[in-house]
Amino acid sequence: MGNLIVSLSPHAHSNDSVKKNMYGVVIALLPALLASFYFFGLGSLIVCLVSVAACMFFEWAICKGFLKKDPTLLDGSAIVTGLLLGMNLPSNFPLWMIIVGALVAIGVGKMSFGGLGHNPFNPALVGRCFLLVSFPTAMTSWPKAAQWTSYLDAETGATPLALMKQAIKGDADALSQIPTAWDMFLGNHPDGMGAMGEVCALALLLGLCFMLWRKIITWHIPVSIICTVFVFSGLLWLTNGDKPTYADPFQVIFAGGLMLGAIFMATDYVTSPMTHKGQLVYGVAIGLLTVIIRNWGAYPEGMSFAILIMNAFTPLINMKFKPTRFGEVPEAK
């Protein structure tokens, strides 16, 4: 019988757990999920179910077959990864590609590093970026809304981000085709709506409010990302002359995956900094990188790449901004 070692008091007590927080994220995603079902119908349901099922299967199979340990399905992390991966895909995405993306997300992005708590990169974004690089045509064919019974034959159109990119390249009429910021906030832009999880900013903000209320996350990362994109996009917008090139900053923050990424993926516990100061630096850097990639990169969207880049810098940020040890008096500045 080994000795029971108890550390010195005081002891911290909390009702939080990985399982509780993960299922809290699932609840926070419900408004966006319902919005995607409303706008895309059958295709949205199929993509989400296949993505979640594939992520759960691969986590179970890898735990049993390779790591030789009990599966961790009940902690909810595989469900969250599956939902976020599905919400980053078009609603007409081929099923076999979803399964490949789930394998990369769980097998490469998570389990190859030892599972939850050890992965340096957000697994859903690893899967999403792999699919974008491997199958660019399928990943950028965005269905229009209100096609309830269609799936692979859904009609596609240009997204607001694609139109913004066209304007930067010199298309004088592109900005006039972009829905208003209010329409994008509500999800009222039926032509080329984008990925399932980015169609309605209101639904995503409801999820943010829930997570802040439940103290699942803090405001530092999402607010710093959104404010940074707004400020730098606003500065570019102010440079517009007689021939507008840059979109209104309100349109920019409601377009694409900015809200989804800032609220649900950049805030991942494992891959984001521990301290509030570090989170602010992390968020500002993600926002700035997103603006740079969107305006001067090869792809219209830059949120996923920006988050993954800053995931790699998280250990350095944690080294710079270390939490105060219990009982330690902060140095006077």
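How many residues line the second largest pocket, and which of them lie nearest its centre?

A: Happy to. This is a predicted model, in which local features need pLDDT of at least 70 and side-chain atom pairs count only at pLDDT 80 or more, while totals for chains, interfaces and linings use all residues. Residues are numbered from 1 along each chain as its sequence is written, and side-chain values use heavy atoms, with hydrogens and water left out.

The second largest pocket is lined by 23 residues, and Met22, Val80, Leu116, Asp268 and Tyr269 lie nearest its centre. Two or more lining residues come from each of helix H1 (18-40), helix H3 (77-87), helix H5 (123-134) and helix H12 (258-265). (Helices are DSSP runs of H or I with at least four residues, strands are runs of E with at least two, and both are numbered from the N terminus.) The volume of this pocket is about 370 Å³. A pocket here is an open set of points on a 1 Å grid over the protein atoms alone, with protein on both sides within 12 Å along at least five of seven lines; a cavity is a set where a 1.4 Å probe fits but cannot get out, and lining residues have an atom within 4 Å of a point. Points are joined across faces, edges and corners, and a volume is the space filled by probe spheres set on them. By class, the pocket lining has 15 nonpolar, six polar and two charged residues, where Ala, Val, Leu, Ile, Met, Phe, Trp, Tyr, Cys and Pro count as nonpolar, Asp, Glu, Lys and Arg as charged, and the others, Gly among them, as polar.

The largest cavity contains about 150 Å³ of space. Of its 15 lining residues, Met164, Ile168, Ala247, Val252 and Asn295 are the closest to the centre. Helix H7 (160-168), H10 and H13 each supply at least two residues of this lining.

H10 (220-238) and H13 (276-296) also each supply at least two residues of a nonpolar surface patch, with H10 giving the most, five residues. The patch has about 780 Å² of accessible area together, and its members include Phe232, Leu235, Leu288 and Trp296. Patch residues have over 30% relative accessible area and no salt bridge; like charges are joined within 9 Å, and nonpolar side chains (Val, Leu, Ile, Met, Phe, Trp, Tyr) within 5 Å. A salt bridge puts a side-chain nitrogen of Lys or Arg within 4 Å of a carboxyl oxygen of Asp or Glu. Areas follow the Shrake-Rupley method with a 1.4 Å probe, and for residues only the protein chains shown count as cover.

Leu235 sits in H10 and is partly exposed at 49% relative accessible area (buried is under 20%, exposed over 50%, partly exposed in between, with a 1.4 Å probe and protein chains only). Ala285, in H13, is partly exposed too, at 21%. Ala285 and Thr228 are 57 residues apart in sequence, with 8.4 Å between their C-alpha atoms.
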